[in-house]
Amino acid sequence: MISTRIWKLKRYGRFIPDSKETGVTPWKVLEAKDNKPEIVLTIVESGHLLVLQGQESLDTIPLLCGSDSIKVHQKSDNLMIRFIVKGESRMIRMQFDGCSMAEAINECSSAVEKLMEYIPVTTQDYAPPQPNQPPAAVPAPAVQTCQEKAVGVKPGVVRGTVSIKRLTQHCLGDTAVTLPRVYQHSSFGQGDLEHFLRVCLLDPTFYGFVEKVEGELRKLVEE
């Protein structure tokens, strides 16, 4: 049985659309308290991010809908997620729990590493001010994508967005890489795929079609 990692949250906030017009607070915030169930985040293998409090589901976010529909940003021990569900734009924010700031940041970074298997994540490094240093002199935090950080950590594993050229090289077998999970899902069932391939192989024109596809892929690599 596959175990699913769970991260404890200190706070969970959901942005309320049209809050200015209604005069209510823009964010609805829930905090972890002793008299209430824990607020937790988990990412299941089907490609969904779940935020739960006890038996209640606070949010369910599909991660395989493409980078245009979901944006994730990490800052310190916080995750900000903007996503679109049924044409409606939504935004949530989560602060991770920990015995110290360092532990909370580590927990957040651990969740980001898992998220990177599905989608790109941007991050803003935490840089606490030095003693006796005025706020204006604090260096601006470096902003970079997590996949840029991961370059060289695990050779052969692609994180985040993949270029057309690299996808083409992978299809042609020119490079041996492990693509993000979003590229590993197929709409074909195992039996359906086998039947489809048998039909293609029995078609005399199929081999010429394959050669033309390979030729076009080679052109893409050379661009």
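**Reading a strand pair and a buried aspartate**

Modeller: Let's start with β7 (residues 78–85), which pairs with β8 in the antiparallel sense over eight bridges. Strands here are DSSP runs of E with at least two residues, helices are runs of H or I with at least four, and both are numbered from the N terminus. Two strands pair if DSSP finds at least two bridges between them. Bear in mind that this is a predicted model, where local features need pLDDT of at least 70 and side-chain atom pairs count only at pLDDT 80 or more, while totals for chains, interfaces and linings use all residues. Residues are numbered from 1 along each chain as its sequence is written, and side-chain values use heavy atoms, with hydrogens and water left out.

Colleague: Which residue stands opposite Q95 in β8?

Modeller: N78 does. In the hairpin of β7 and β8 there are two residues between the strands, and K86 takes a positive phi near 55 degrees.

Colleague: Which other strand do five bridges join to β8?

Modeller: That's β1 (residues 6–15), running antiparallel to β8 (residues 88–96). Y12 stands opposite M94 there.

Colleague: How do I read side chains along a strand?

Modeller: In a regular strand they alternate between the two faces of the sheet. A residue to look at is D59, found in strand β5 (residues 56–62).

Colleague: Is D59 buried or exposed?

Modeller: Buried means under 20% relative accessible area, exposed over 50%, partly exposed in between, using a 1.4 Å probe and protein chains only. D59 has 4%, so it counts as buried.

Colleague: Which side chains make polar contacts with the side chain of D59?

Modeller: A polar contact is a pair of N or O atoms within 3.5 Å; within protein, one must be able to donate a hydrogen and the other to accept it, and residues adjacent in sequence count only if both atoms are side-chain atoms. For D59, the partners are the side chains of Y12 at 2.4 Å and R90 at 2.9 Å. Contact in general means heavy atoms within 4.5 Å. Leaving aside neighbours within four places in sequence, D59 is in contact with residues including L49, F83 and I92.

Colleague: And how do I read a helix?

Modeller: An α-helix has 3.6 residues a turn, so residues three or four places apart point the same way. In α2 (residues 101–115), the buried residues include A104, C108, A111 and L115.

Colleague: What is the mean pLDDT of the chain?

Modeller: pLDDT is the predictor's confidence in each residue, from 0 to 100. The mean is 76, and 70% of the residues reach 70 or more. Over residues 129–155 it is below 50.

Note on methods:
The expected span of a helix is 1.5 Å times one less than its number of residues.
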